[in-house]
Amino acid sequence: MEASDDPLELEPVLDALPAGFDVLRADALAEGFRQVERLAADWEAGTTRFDRDGEALLAARLNGVLVGIGGLTIEPVVPGALRMRRFYVRPAFRRLGVGRRLVTALLVGVDGNRSITVNAAPASIAFWERVGFSPDPCDRHTHILSRESA
């Protein structure tokens, strides 16, 4: 399958939150998840823009519809590590590989010796473990992907 035939497109979020963000945000809030709300607040305040070296924020669109978002930032507690954060896939689009594609795309440019942490919500633990993260409940994260042996 050629990339242009793939209905799932990942696009970097650079200057503004993506079109369709309000629907994604409303879905997350309806489920009781606050990470998308925090993303919006941090973006608006300019405190987290995913623009430091090694950071990225990706939007996932399926047939042009914003269905998910996820980012990678410098880990604030573990020296040299990065942190997956602000991940959310709308309920109607789960189990289609959207989250896995976001994680894979974000990891592409990461130095193979860098560890990546995540603070997984209880409902997402199985997902993070399926994509290779191991339980590591310390330093304000729940899981870690140690890439030294990868």
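The model is predicted. Its seven strands form an open sheet with mixed pairing, in the order S1-S2-S3-S4-S5-S7-S6. Helix H2 spans residues 35–45 and lies across S2, S3 and S4.

**Sheet**

- Pairing between S4 and strand S5 (residues 116–118) is parallel and runs over three bridges.
- Ile 116 in S5 is the bridge partner of Leu 82.
- In general, the strands of a sheet pair through backbone hydrogen bonds, in either the parallel or the antiparallel sense.

**Helices H1 and H2**

- Helix H1 lies across S3 and S4, and its direction is at about 80° to S3.
- Helix H2 runs at about 115° to S4.
- Gln 35, Val 36, Leu 39, Ala 40 and Trp 43 are the buried residues in H2.
- Viewed down the axis of H2, these buried residues fall within an arc of 145°, so they line one face of the helix.
- An α-helix has 3.6 residues a turn, so residues three or four places apart point the same way.
- The partners of the buried residues of H2 are helix H1 (21–30), strand S2 (56–62), strand S3 (65–74) and strand S4 (82–89), against which they pack.
- Exposed residues Glu 44 and Ala 45 sit on the face of H2 turned away from its buried side.

**Helix H3**

- Helix H3 covers residues 98–107, and its buried residues are Val 98, Gly 99, Leu 102, Val 103, Leu 106 and Leu 107.
- Down the axis of H3 the buried residues fall within an arc of 165°, so they too line one face of their helix.

**Asp 6**

- Asp 6 belongs to the segment before strand S1 (8–12).
- With a relative accessible area of 18%, Asp 6 is buried, because the cut-off for buried is under 20%.
- Its side chain reaches the backbone nitrogen of Leu 8 at 2.9 Å.
- The side chain of Asp 6 also makes a polar contact of 2.9 Å with the side chain of Arg 101.

**Aromatic pairs**

- There are four aromatic pairs.
- For Phe 87 and Trp 128, the ring centres are 5.0 Å apart and the planes stand at 80°, so this pair is edge-to-face.
- Phe 87 is in strand S4 and Trp 128 is in helix H4 (residues 125–130), so the pair ties together parts that are 41 residues apart in sequence.
- Both Phe 87 and Trp 128 are buried.
- One aromatic cluster is made up of Phe 87, Phe 127, Trp 128 and Phe 133.

**Val 77**

- Val 77 is located in the loop between S3 and S4.
- Its relative accessible area is 33%, so Val 77 is partly exposed.
- Apart from neighbours within four places in sequence, Val 77 is in contact with Asp 139 and Arg 140.
- Val 77 and Leu 106 are 29 residues apart along the chain, and their C-alpha atoms are separated by 20 Å.

Notes: Residues are numbered from 1 along each chain as its sequence is written. This is a predicted model: local features need pLDDT of at least 70, side-chain atom pairs count only at pLDDT 80 or more; totals for chains, interfaces and linings use all residues. Side-chain values use heavy atoms; hydrogens and water are left out. Buried means under 20% relative accessible area, exposed over 50%, partly exposed in between (1.4 Å probe, protein chains only). Helices (H or I, at least four residues) and strands (E, at least two) are DSSP runs, numbered from the N terminus. The arc is that of the directions from the helix axis to the C-beta atoms. Contact means heavy atoms within 4.5 Å. A polar contact is a pair of N or O atoms within 3.5 Å; within protein, one must be able to donate a hydrogen and the other to accept it, and residues adjacent in sequence count only if both atoms are side-chain atoms. Two strands pair if DSSP finds at least two bridges between them. Axes are lines fitted to C-alpha atoms, for helices over the stretch in contact, and angles run from 0 to 180 degrees between N-to-C directions. Rings of Phe, Tyr and Trp (its six-membered ring) pair if their centres lie within 6.5 Å; planes under 30 degrees apart count as stacked, over 60 as edge-to-face and the rest as tilted.
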